[in-house]
Amino acid sequence: MRNERIGDYLVSQGLLTEDQLRIALEKQKEAGSGKKFGDVVAELGFMNEVKFTQALSNKLNVQYVDLDNYEIDSSAVEKIPEALARKHTVIAIAITGKRLTVATNDPVNFIVLEDIKVSTGMDTRPVLATLSSINKAINKYYNMQSIDDIQAGLEQMGGDLGGPMEDDAESKERVENAPIVKLATTIVENSYRADATDIHIEPFEKYTRIRIRVNGDLIELMNISSAVHSALTTRMKLISGMNIAEKRIPQDGRFTQVVDGTTLDVRVSSLPMVHGEKIVIRILSTGQIALRKITDLGMSEYNYQLFESMLRVPHGVILVTGPTGSGKTTTLYAALGEIAKPHVNVVTVEDPVEKAIDGINQCQVNQKAGMTFAAALRSILRQDPDIVMIGEMRDTETADIGIRAAITGHLVLSTLHTNDAASTVVRLVDMGVAPYMVATSLIGVIAQRLVKRLCPECKKARLSTPEEDELMGIAGQGPIEIYEPGGCTACNNTGYRGRTAIHEIIHCTAKVSQIIAAGGGKEDIEKAAKANGTKLLRDNAAELVKQGISSIDELVRTTFTV
């Protein structure tokens with residue numbers, strides 16, 4: 001029984017079919033000797049990593065541990081040096097007397113266990129965990145240790161790091177020392193691993209606070225000594241190409257950093273404050289991360305059908321609207337991915353280009369050189385485009401050229417900052433575009449927001465109140481079961497894990513176009529759109545609350561109006 005191959009064991013347990021086993025073995029053979037059977041099965045989608053590891057644990061009679069929900073003893077972690085833990089992908093999780101419990105994804109590799117025994121001088125007891133959870137734990141625990149070491153190292157070097165840095169060359173040399181470089185790198189690494197979109201480095205009189213934005217909320221990552229602040233900001237400015245001698249005016253820059261094999265595009269912005277410069281860093285994944293498909297945008301089936309039919313129209317304007325950070329660019333890129341075929345010429349003008357897409361001509365705005373949205377657009381229209389994407393319609397000139405391009409037979413995609421779909425039309429008219437031109441060129445408008453998803457592990461059910469029923473548009477229909485956030489280790493005690501989008505789509509049918517041409521207001525357009533079948537943002541958010549995907553708090557936060 002112990003010599004039975006894992007593939008045969010999975011078939012005997014009914015977890016794999018004979019066909020799946022054959023396909024997996026062929027795939028493993030193609031990949032070469034370094035590829036493990038479990039990785040191949042997970043990649044093919046036959047079993048997820050957790051299921052496979054649990055089956056392996058039963059076969060080998062080795063305990064399975066879910067590291068995401070396990071209280072790891074940090075004194076045990078320290079027993080194994082970081083280099084050894086990363087080399088063998090293992091992490092010590094508990095100490096019992098003279099015995100060290102070690103989580104590994106390969107408990108029968110006795111060479112590794114012997115290596116750890118020699119290094120620690122302790123007996124080792126292997127337990128089984130998934131590869132991804134071991135890597136996550138290694139990054140989390142060893143990084144926290146390294147931050148403590150870095151801070152201690154910086155403090156030993158004395159508080160002179162906070163002093164003024166007049167001489168360019170001298171400050172460059174001083175800041176290139178290892179602890180500061182490591183601190184800057186570690187902050188970006190930890191933030192990326194926590195799924196953060198932004199990092200805020202904020203100076204105060206006695207300390208510097210570092211916060212990260214996860215799922216739209218700012219959470220504290222760490223506090224560091226204010227003596228370190230000047231050196232840290234200089235390091236960030238140095239790698240992002242800013243002038244480190246200039247501390248009186250705001251500056252912008254960017255750099256790239258590789259974390260866990262993914263190249264991150266990092267944008268940096270500095271702003272002088274009372275106690276030093278505040279640095280805000282935006283983390284963007286580069287084109288290495290696959291482009292989202294429009295089916296992955298979290299649209300309801302109804303909205304997806306509407307959006308798809310809009311993308312089939314050969315010429316006109318499609319606008320995506322919403323506040324900063326609501327996923328507008330992701331939606332536009334997904335739309336481009338859907339319509340960019342080899343026989344069409346797609347040109348974009350963006351500020352800045354957020355993701356390099358293969359097969360699409362992307363052009364970046366450069367204000368200093370006079371390359372504005374309007375100037376770039378004029379040139380693009382002489383480049384024989386079929387589809388044009390404008391990063392944002394910021395001014396009358398850009399809006400006017402974009403609308404004219406649509407009327408002359410191009411498909412134009414763009415974004416605008418408005419609160420809902422109907423007010424977008426009014427905004428275009430306010431910007432000076434004639435109502436009849438908006439009416440003839442507009443295909444449709446998509447307004448969107450991001451709402452947080454409840455953590456499936458710890459969400460708590462309860463019955464809704466009459467006020468909540470009214471918010472969800474089901475007043476008088478009696479209480480229904482809804483969920484509210486709990487808090488567990490899987491979601492860092494926030495009660496939420498990840499976000500999804502809600503959409504409000506207005507399709508410009510003949511009736512809506514007539515109202516626009518006649519100079520109708522927001523209410524008139526909204527009324528006609530609702531009669532046409534448009535579901536408002538609140539309707540979509542209410543649907544997510546009813547399904548137990550999101551909470552009433554999120555519905556109020558994203559869609560409440562007076």
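Rings of Phe, Tyr and Trp (for Trp, the six-membered ring) pair if their centres lie within 6.5 Å, and planes under 30 degrees apart count as stacked, over 60 as edge-to-face and the rest as tilted. By that rule, the structure holds two aromatic pairs. It is a predicted model, where local features need pLDDT of at least 70, side-chain atom pairs count only at pLDDT 80 or more, and totals for chains, interfaces and linings use all residues. Residues are numbered from 1 along each chain as its sequence is written, and side-chain values use heavy atoms, with hydrogens and water left out.

Here are the two pairs.

| Pair | Distance of centres | Angle of planes | Type |
|---|---|---|---|
| Phe37 and Phe52 | 6.3 Å | 50° | tilted |
| Phe204 and Tyr207 | 5.4 Å | 35° | tilted |

Helices (H or I, at least four residues) and strands (E, at least two) are DSSP runs, numbered from the N terminus.

Buried or exposed: what are these two Phe residues? Phe37 is buried, and so is Phe52. Buried means under 20% relative accessible area, exposed over 50%, and partly exposed in between (1.4 Å probe, protein chains only). In the other pair, Phe204 is partly exposed at 31% relative accessibility, and Tyr207 is partly exposed too, at 34%.

Next up is Glu202, which you'll find in strand S4 (residues 196-203). Glu202 has a relative accessible area of 7%, so it counts as buried. Leaving aside neighbours within four places in sequence, Glu202 is in contact (heavy atoms within 4.5 Å) with residues including Tyr207 and Lys278.

Two lysines sit over tyrosine rings. The term needs NZ of Lys or CZ of Arg within 6 Å of the ring centre and within 35 degrees of the ring normal. The charged end of Lys452 sits over the ring of Tyr496, 4.9 Å from its centre, and Lys459 lies over the face of Tyr483, at 4.6 Å from the ring centre.

Finally, there's an open sheet of seven strands, with mixed pairing and the order S12-S11-S13-S14-S10-S15-S18. Two strands pair if DSSP finds at least two bridges between them. Strand S12 (361-364) and strand S18 (496-507) are the edges, each pairing on one side only. Strand S15 (residues 442-454) and S18 run antiparallel, joined by 10 bridges. Leu454 has Tyr496 in S18 as its bridge partner.
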